[in-house]
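These are my notebook entries on a structure that I looked up. They are set down in the order in which I took up each topic.

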Amino acid sequence: MKIYRFHAVILLTALLATLLAGCSAGAGPQGIDKPEKPLVILEWTGYEINEYPQFFVPFTDKYGNNLKDYVSVSVFGDDAEAFSKIQTGFNADIVHPCSSWWGLYVEAGLLQPIDTSRLSNWDDIPDVFRNQGEYNGKQYFVPWDWYYEALLVRQDLVKELPSSWADLWDPQYAGHVSIWDNGEVSYAATALALGISLKNPTPADDKLIKQKLIELKPNLLTYWLDYTQAIELSASGDAWIIANAWQDTFASLLDEGYDVAYVEPKEGYLAGVCGYAITTNNTQLDLTYEFLNAAIDVQSMANFTNEYWYGAANTKSIDLVDADIVKTLGFTDLDYALAHTTWYPPLTAERRDQLSDLWNEVKAAP
Amino acid sequence: MTTLNRKQDSAGKTNRPGTETKLAGIPRTGQLVMLVAPAALWLIFLLILPLITLVMLSFQKSAFGPDSTVFSLNSYIEFFRNSAYQRLMLRSLWISLLVSFFTILLSYPLAYYMAFHGGQKQSLMLNLLIIPAWTSFLLRVLAWRVILGSSGLLNTFLLWIGLINQPITGLFYSQTAVVITLIYIWIPFAALPIYVALQRIEPGLLEAASDLGSRPWQAFLKVTFPLSIPGILAGFLFVFIPTVGEYVTPAMVGGPNGLMIGNIIWDQFSRGLDWPMGATLSLAILVAVLIPLVLAARVAQKSGALGGGR
C-alpha cells in the first residue's frame with residue numbers, strides 16, 4: 001500500500017515537472033510579458049486584428065503565434081451600437097468610433113487622454129485629422145482611417161447614372177434604392193440633397209428632412225443594415241443604388257467582377273474619420289501604445305488602403321498604395337480630396353436622441 | 001372510455017389513473033408542491049422577475065447615470081404623444097392577426113390529413129413536419145429570397161411562361177413577404193395542437209353521425225370542427241403571441257414598410273440607448289396582447305370551447 005502511494009507521488013511530481021517545463025518553454029515572445037488578460041478592442045466588423053493581421057503588422061508579427069493572449073476583439077456594425085455597448089458597461093480597453101461620435105465618448109468621461117509622444121508616427125498624421133480628436137487641449141483620438149460616403153451604382157442596370165444626392169428620389173430608380181438604416185447618415189444625405197447645411201440645423205430643417213425621408217420610401221427597396229448586406233443587395237441586382245456606401249463596398253464588388261460605379265454626387269462626398277482611443281479603465285498602457293503604433297505604421301496603413309480603399313490617416317503610406325486606387329479615389333492631393341467632402345459634424349447627446357427619434361418616426365411612417 | 005380504466009379504491013373515491021399507485025403515502029398537497037415547484041421557480045426567475053425589472057425600467061428617466069434613479073412618466077407620455085409608436089403597434093397586431101389566420105387555415109387540412117388518413121405513416125409525417133424546425137430560423141427566413149427575390153423562382157417562372165416581361169421587385173422586401181415568411185415558419189407550431197385535438201376525437205362519434213344520416217361534411221361541421229376548436233385556439237395563441245413581438249423577420253425581409261414594433265424596441269435598447277422607452281413599448285405590447293387573450297379565454301371557458309367539461 002505504502003509503496004503504491006510512493007510510486008504515485010513520484011509519478012505525480014514527474015508529471016507536474018513536465019507540465020511546468022512545458023509552460024515555461026512555451027511562454028510568449030519577448031517584449032511585454034504575457035498580460036493577465038488580453039486587451040479588449042471594440043472594433044468595426046471587417047477590421048479585426050485576428051482576421052486582418054496585415055493592418056497591424058508590427059504587432060501581429062511580434063505576437064502572431066499567441067495573438068489571442070494579447071488581444072481580444074468584439075465587433076460592431078454601427079457607431080450607435082458601439083457607443084451603447086460601452087455605455088451599458090462593456091469593458092473595452094480600446095475603442096474605434098468615427099469622428100461625429102468622438103465628442104460623446106469624451107463628454108461621457110469614457111476616455112483617457114493620449115500621450116502623443118509615445119506614438120512614433122504621430123507627425124505623419126495631418127492636422128486636419130488630428131484636430132478633430134482634440135478636446136480641451138488634450139488629444140483623445142489617434143485618427144486611423146477616413147472614408148467617403150457616396151452613391152454606389154450598378155451601372156449595368158441603370159439607364160442613367162445618378163449625379164446628385166437628390167437623384168435618390170428620382171422615380172426612374174423606384175424600388176431599387178437602398179439607404180443605410182441609420183438616422184445620422186440618412187439625415188446628412190438628405191440635407192445635402194436639399195442644400196441644407198449640416199451645421200446648426202433648425203427644427204424647421206429637421207421637419208423638412210423628415211418629410212423628405214418619408215417621401216423617399218416608395219423609391220426604396222429596403223434599408224441596409226451593415227456592410228455585408230449592402231454588398232449582397234448590390235450583387236444580387238435588387239438594389240441599383242446603395243446610398244452612403246463606403247469605398248470598401250465598392251472595392252469588394254469590383255473584386256467580384258460586378259459592373260459598379262462609385263459616383264461622387266455633385267454636392268460632394270460625405271466624409272468622416274475614425275480613430276482609436278484608450279478607455280479610462282485600460283491599465284495595460286504599454287501594450288496599448290504598442291498596438292497603436294502598429295496601427296499607424298506606414299506598412300499597416302498601406303495594407304489597409306490596399307484592402308479596403310479607405311484613406312489612411314498616416315499619409316506617408318500613400319507611396320506604398322496601389323497607384324490605381326490612389327488615382328480612382330483622388331488621394332494624390334489630399335487637400336483637393338478633402339475639399340470635395342462634407343465632414344460629419346460632431347454630435348451632442350441631445351442631437352443624438354433627436355436624430356434617433358426622427359429616424360424611428362421615418363421608419364414607422366406608412 | 002376513461003371511466004373504464006378508473007379504479008375504485010377502498011374508500012370508494014376515484015383518483016385519476018396512475019397517481020394513487022406510484023405516489024402512495026405522499027399527501028396530496030406534498031404531491032402538488034413537488035409537481036409545481038420546478039415550473040413555478042422557472043416562472044419566477046425567468047418571467048416574473050424580468051417583468052418587474054421591465055416595469056421599473058419604464059418609469060426611470062434614463063437607464064444609466066444619475067438620471068437612472070429619477071422617477072419619470074416621460075416614456076408613457078411619449079408613447080401616447082407619438083403616433084408613430086401607436087401606428088407600429090397596430091401594424092404589428094394586424095400582421096400577427098393575418099399570420100395567425102392564414103397559418104391556421106393552412107395547417108388545419110394538414111393536421112386533418114395526418115390525424116384521419118395518416119394511418120401507419122403518422123409518425124413519419126409528424127417528423128417531416130418538424131424537420132424544417134431543425135434548421136436555423138434565420139436560414140429559413142433568408143431561403144425565401146430564393147423564391148421571392150427579383151431573380152428568384154417565382155419571377156423566373158412568371159418570366160418563362162410570359163406572364164410578365166420584367167421581374168417584379170419588392171416582392172421580397174415588403175409586408176407581404178413578412179406575412180408569407182412567418183406563415184411558413186409557424187405552420188408546424190399551429191399544426192401540432194390541431195393534430196392532437198383531432199386525434200382525440202373518438203372515431204365512434206363520427207360513425208354515430210353517419211349512422212344518424214349525416215353527410216361527411218355535416219359530420220365535419222357538427223362534430224369534428226367543434227371538437228377541434230381547443231386545438232385551433234392553442235395554435236392561434238402559439239402563433240399570435242410570438243409574432244406580435246417579432247423583429248428578425250421584418251428586419252430581414254420587411255423592407256421600408258414592413259417594420260414592426262419589435263424592431264423599434266430593439267432599436268431603443270441596442271442603438272437608441274433609450275431603455276425606458278424600450279421597456280414601455282414592451283409593456284404596451286404585453287397589455288395589448290394580454291387583454292384580448294384573457295377575454296377570449298373567458299368566453300371560451302364559458303362556452304366550453306376549451307374542452308375539459310368542467
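I began with contact order in chain A: among contacts between residues at least 6 apart in sequence, 74% join residues at least 24 apart. Two residues are in contact here if their C-beta atoms, placed from the backbone, lie within 7 Å. I note that this is a predicted model, in which local features need pLDDT of at least 70 and side-chain atom pairs count only at pLDDT 80 or more, while totals for chains, interfaces and linings use all residues. Residues are numbered from 1 along each chain as its sequence is written, and chains are lettered from A and ligands numbered from 1 in the order in which they are written.

**Entry: chain A overall**

I found 15 helices and 14 strands in chain A. Helices (H or I, at least four residues) and strands (E, at least two) are DSSP runs, numbered from the N terminus. Taken along the principal axes, the C-alpha atoms of chain A fill a box of roughly 90 × 45 × 45 Å. I recorded that 43% of the 366 residues of chain A count as buried. A residue is buried if 20 or more other C-beta atoms lie within 10 Å of its own, exposed if 12 or fewer, and partly exposed in between, with C-beta atoms placed from the backbone.

**Entry: domains of chain A**

I looked up the domain assignment, which gives domain 1 (39–146 + 272–343) and domain 2 (148–270 + 349–364) of chain A. The bounds come from an automatic or database domain assignment. The centres of the two domains, taken over C-alpha atoms, are separated by 25 Å. Their contact takes 14 residues from domain 1 of chain A and 17 residues from domain 2 of chain A. On the domain 1 side, α5 (99–107) and β14 (341–343) of chain A each supply at least two residues. The largest share of that side, three residues, comes from α5(A). I divided the domain 1 side by class into five nonpolar, seven polar and two charged residues. Ala, Val, Leu, Ile, Met, Phe, Trp, Tyr, Cys and Pro count as nonpolar, Asp, Glu, Lys and Arg as charged, and the others, Gly among them, as polar.

**Entry: Val153(A)**

I placed Val153(A) in strand β7 (residues 142–154) of chain A. Val153(A) is buried because 26 other C-beta atoms lie within 10 Å. Its C-alpha atom is separated by 4.6 Å from that of Ile241(A), 88 residues apart along the chain. Leaving aside neighbours within four places in sequence, the contacts of Val153(A) include Val158(A), Leu161(A), Trp240(A), Ile241(A) and Val263(A).

Most residues other than glycine have a negative phi. Asn244(A) has a positive phi of about 60 degrees and lies in strand β10 (residues 241–245) of chain A. Asn244(A) counts as buried, as it has 24 C-beta neighbours inside 10 Å.

**Entry: helices α7 and α8 of chain A**

I found that the axes of α7 (residues 183–194) and α8 (residues 203–215) of chain A come within 10 Å and cross at roughly 100 degrees. Axes are lines fitted to C-alpha atoms, for helices over the stretch in contact, and angles run from 0 to 180 degrees between N-to-C directions. Angles under 35 degrees count as roughly parallel, over 145 as roughly antiparallel, 65 to 115 as roughly perpendicular and the rest as oblique. Ser186(A), Tyr187(A), Thr190(A), Ala191(A) and Leu194(A) in α7(A) meet Leu208(A), Ile209(A), Lys212(A) and Leu213(A) in α8(A). By class, I recorded six nonpolar, two polar and one charged residues in this contact.

**Entry: chain A against chain B**

I recorded 24 residues of chain A in contact with 21 residues of chain B. On the chain A side, α4 (79–87), β9 (220–224) and α15 (349–364) are the elements that give two or more residues, and α15(A) gives the most, with five. That side has eight nonpolar, 10 polar and six charged residues.

I then followed α15(A) to helix α5 (residues 83–117) of chain B: the axes come within 9 Å and cross at roughly 40 degrees. That angle makes α15(A) oblique to α5(B). Asn360(A), Glu361(A) and Ala364(A) in α15(A) meet Ala84(B), Arg87(B) and Leu88(B) in α5(B). This contact has three nonpolar, one polar and two charged residues.
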